[in-house]
Amino acid sequence: VTEFILLGFFGRWELQIFFFVTFSLIYGATVVGNILIMVTVTCSSTLHSPLYFLLGNLSFLDMCLSTATTPKMIIDLLTDHKTISVWGCMTQMFFMHFFGGAEMTLLIIMAFDRYVAICKPLHYRTIMSHKLLKGFAILSWIIGFLHTISQIVLTMNLPFCGHNVINNIFCDLPLVIKLACIETYTLELFVIADSGLLSFTCFILLLVSYIVILVSVPKKSSHGLSKALSTLSAHIIVVTLFFGPCIFIYVWPFSSLASNKTLAVFYTVITPLLNPIIYTLRNKKMQEAIRKLRFQ
């Protein structure tokens with residue numbers, strides 16, 4: 001086998017065109033929105049704080065995660081023969097898990113940042129120092145790299161000599177492993193332990209951190225509670241949309257859920273668009289910085 005066939009979305013030509021236009025607009029908005037956030041955070045002096053440093057990193061990871069899968073998916077919507085080379089498939093999976101693992105880690109770091117800001121405001125600047133932030137950013141990239149390389153090194157050596165059809169919109173580990181010509185039970189368990197448990201553990205840690213914040217806020221003020229509820233409820237929605245499909249696909253990766261393309265669209269197409277909207281663009285300070293930057 002030198003290439004894999006991606007089934008992608010199938011249906012009438014009109015439906016393919018509809019998906020092409022929809023996903024093209026979403027991807028364009030994702031790239032523009034995340035670049036706007038990165039430029040604003042970098043150029044605006046009022047946004048040189050730990051929160052916006054982390055948001056800028058999140059925007060970069062979102063844009064990269066979407067770019068690893070969405071352009072290929074959009075191009076395939078206009079072609080009848082949807083193929084990808086074996087090494088192209090491995091490369092796509094490498095970057096997907098690289099940026100995905102880094103983003104999961106960064107979301108936990110952001111939850112810790114919000115906890116310190118809300119529950120320990122007087123010590124916020126001392127705790128979230130520039131040195132610690134740089135360490136956190138580097139840590140997220142290291143975890144993402146270790147997460148992906150540990151799986152890709154084992155997958156790239158598998159022999160593929162029979163079936164080459166992947167029932168998804170992009171290459172993903174569970175479906176690619178099933179195409180190998182040898183027994184892969186041990187590797188399947190490793191994928192569950194690596195990707196599945198990482199997704200599930202990060203999701204639980206985030207929920208616990210949000211609960212701790214909400215329990216701590218009433219001691220401060222009712223205004224703080226309402227503000228925290230508004231912010232964290234939006235964050236929980238995005239986190240659920242991102243981690244929910246990941247948990248279903250990688251905790252039970254070799255069931256019928258593994259071929260559910262709708263779940264794949266959520267965490268690779270929809271969530272990278274929602275993150276800049278929920279986390280950043282609805283922030284008043286960010287809106288003011290964008291307006292000032294536009295006038296300048």
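Left-handed means the near helix is turned anticlockwise from the far one by less than a right angle, and clockwise would be right-handed. When I say helix, I mean a DSSP run of H or I with at least four residues, while a strand is a run of E with at least two, and both are numbered from the N terminus. H2 and H3 pack at about 155°, and their axes are 9 Å apart. The axes are lines fitted to C-alpha atoms, for helices over the stretch in contact, and the angles run from 0 to 180 degrees between N-to-C directions. So H2 is roughly antiparallel to H3. The cut-offs go like this: over 145 degrees is roughly antiparallel, under 35 is roughly parallel, 65 to 115 is roughly perpendicular, and the rest is oblique.

What classes of residue make up the contact of H2 with H3? There are 17 nonpolar, 4 polar and 5 charged residues. Nonpolar covers Ala, Val, Leu, Ile, Met, Phe, Trp, Tyr, Cys and Pro; charged is Asp, Glu, Lys and Arg; the others, Gly among them, are polar.

Quick word on what we're looking at: it's a predicted model, where local features need pLDDT of at least 70, side-chain atom pairs count only at pLDDT 80 or more, and totals for chains, interfaces and linings use all residues. Residues are numbered from 1 along each chain as its sequence is written, and side-chain values use heavy atoms, with hydrogens and water left out.

Now stay with H2, residues 50-76, and look at H5, residues 130-155: they pack at about 20°, with axes 11 Å apart. That makes H2 roughly parallel to H5. This crossing is right-handed. On the H2 side, the contact (heavy atoms within 4.5 Å) uses Pro50, Phe53, Leu54, Asn57, Phe60 and Leu61, and H5 brings Leu133, Ala137 and Trp141. By class that's 8 nonpolar, 1 polar and no charged.

H5 also packs on H7, residues 185-216, at about 165°, with the axes 11 Å apart. So H5 is roughly antiparallel to H7. Among the residues touching here are His147 and Gln151 of H5, and Phe190 and Asp194 of H7. The classes are 5 nonpolar, 5 polar and 1 charged.

Next, where does the disulfide of Cys89 sit in the chain? Cys89 is joined to Cys171, S to S 2.2 Å, and a disulfide here is a pair of cysteine sulfur atoms within 2.5 Å. Cys89 is in H3, residues 86-119, and Cys171 is in the loop between strand E3 and helix H6, so to speak 82 residues apart. The structure holds 2 disulfides.

Residues 94-112 are 100% helix, with end C-alpha atoms 28 Å apart.
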